[in-house]
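Me: I've got a model open and I'd like to learn how to read its helix packing and aromatic contacts. Can you walk me through it?

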Amino acid sequence: YYLIIICFVQAIFNANAGPDDFIKSAVTLHDKVEALIEQLISIELWKEKVYPLIVTEDFEPKQTFPCYMVIHHEATVVNLIETLIFHKETCECARESALDLVDYCHRKILKLIARIQEDRHVSEVKLTPHEALNLSTTEELTRQDENLQFDIGMKCLSILRYLVDNRGALPLSVVTRMMNTHDVPCLMVQLIEDPPWSKRTDKGVEKFIDSRWHVVPPKDLLQLTKLDGQAWLTVYQLMMDADTQAKYEFNSRQKSVLLKLRAHMPEPLLDQLPILVEFRRFLEHLAVQDPPSTARGGFILEQVPEIRQRFMEENAGKWKKIAKQQKQKHFNPSDKDLQKLAQRWSDTYNLQTLESLLQDAPKCALCGKEATKRCSRCQNEWYCRRECQVKHWSKHKAACNVVAASNK
């Protein structure tokens, strides 16, 4: 788990810095993409089958730290996969496990849509300090997981988009499953019609941008967000590619669903995504034609996901036993085990550890040269030599005092 966190942080640094992504290279070289997807499916299944048996009315662990760590693990793995699956090489290494990844994303998006239809206010409800203090362990964990599931659903949309973009590197069964088993084009239409990342509140229209809700000024309401673009590009690529469209089992229902997109294609949208002009033309032709014929004869063989099914079969009838064992051992650790756990987290998020992942060496706060020494008091400013530190002290003193006092 700690290795996954470090890999995720490094992958984010690489994605921001440029094309030199050694985390992606290491994951593909050592063939660990399938292992990551297995990890994702296993934690999802654990939260479905084991977690409800652990978090019962009498669940009052001495420390909630191990519980939060498990709850956040799924989001960590999803974020890492989203960062890696952008690359064609990663998709090639996923092989048949991409089927399980597609199924996972489809499940998460469907759950997100169902939740939105029940309650449009999916962001975290602000509690008073008194209410927050009086939450039980189970209620607090549930709130944490609900908020995480929304973030995970958004990440799954990005993952689907990257899989579609790299569909040429995937087995044919993956594209067929996206088109026919899960009908991803119609799923995208549903997201475009009623986007979960947009809601109306007392403050006005809010949109989920960069993992946070932002109030959108009226003049920017037609401005596309990244999530809007993901949904539009996904349906565009699936329907405008001749090979992919040939695999689609088109019927009148799907035709009527796709034609709903015409109402959501104003000129400002086409100005921001000019490629949709061609797609609108396709929809206009589709409106006056019968759906393209995809009649097939003979036998049809379909490859199905295996990872989730394998986990289900291996642990059938064992869920209660697993929950009982983990409840006693892992969620009520001894003081010694907690100290070890805290130390591992401290090492993982240690400032020097995270800084060692940066591509560029730190610069001297005074002269800008490569720095190897750091202010021992606040640990924030870097210097190339002591003379620079002494000269810079008059400017650094105030900030240093504040940071040093907060650390105490």
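Me: What is the angle at which helix α7 and helix α9 pack?

Reply: Two packed helices are described by the angle between their axes and by the distance between those axes. In this predicted model, α7 (residues 97-118) and α9 (residues 137-165) pack at about 130°, their axes 8 Å apart. That makes α7 and α9 oblique to each other, and α7 passes α9 in a left-handed crossing.

Me: Which residues in α7 and α9 meet?

Reply: On the α7 side you'll find, among them, Leu101, Tyr104, Ile109 and Leu112. From α9 come residues including Phe150, Ile152, Met154 and Leu160. The contact of α7 with α9 divides into 15 nonpolar, 2 polar and 3 charged residues.

Me: On to rings. How many aromatic pairs does the structure hold?

Reply: There are 8. Phenylalanine 86 and tyrosine 162 are edge-to-face instead, at 5.3 Å and 85°.

Me: Where in the chain do phenylalanine 86 and tyrosine 162 sit?

Reply: Phenylalanine 86 is in the loop between α5 and α6, while tyrosine 162 is in helix α9, 76 residues apart.

Me: Buried or exposed: how do I class tyrosine 162?

Reply: Look at relative accessible area, where under 20% is buried. Tyrosine 162 has 13%, so tyrosine 162 is buried. Phenylalanine 86 has 47% and is partly exposed.

Methods
Residues are numbered from 1 along each chain as its sequence is written. This is a predicted model: local features need pLDDT of at least 70, side-chain atom pairs count only at pLDDT 80 or more; totals for chains, interfaces and linings use all residues. Side-chain values use heavy atoms; hydrogens and water are left out. Axes are lines fitted to C-alpha atoms, for helices over the stretch in contact, and angles run from 0 to 180 degrees between N-to-C directions. Helices (H or I, at least four residues) and strands (E, at least two) are DSSP runs, numbered from the N terminus. Angles under 35 degrees count as roughly parallel, over 145 as roughly antiparallel, 65 to 115 as roughly perpendicular and the rest as oblique. A crossing is left-handed if the near helix is turned anticlockwise from the far one by less than a right angle, and right-handed if clockwise. Contact means heavy atoms within 4.5 Å. Ala, Val, Leu, Ile, Met, Phe, Trp, Tyr, Cys and Pro count as nonpolar, Asp, Glu, Lys and Arg as charged, and the others, Gly among them, as polar. Rings of Phe, Tyr and Trp (its six-membered ring) pair if their centres lie within 6.5 Å; planes under 30 degrees apart count as stacked, over 60 as edge-to-face and the rest as tilted. Buried means under 20% relative accessible area, exposed over 50%, partly exposed in between (1.4 Å probe, protein chains only).
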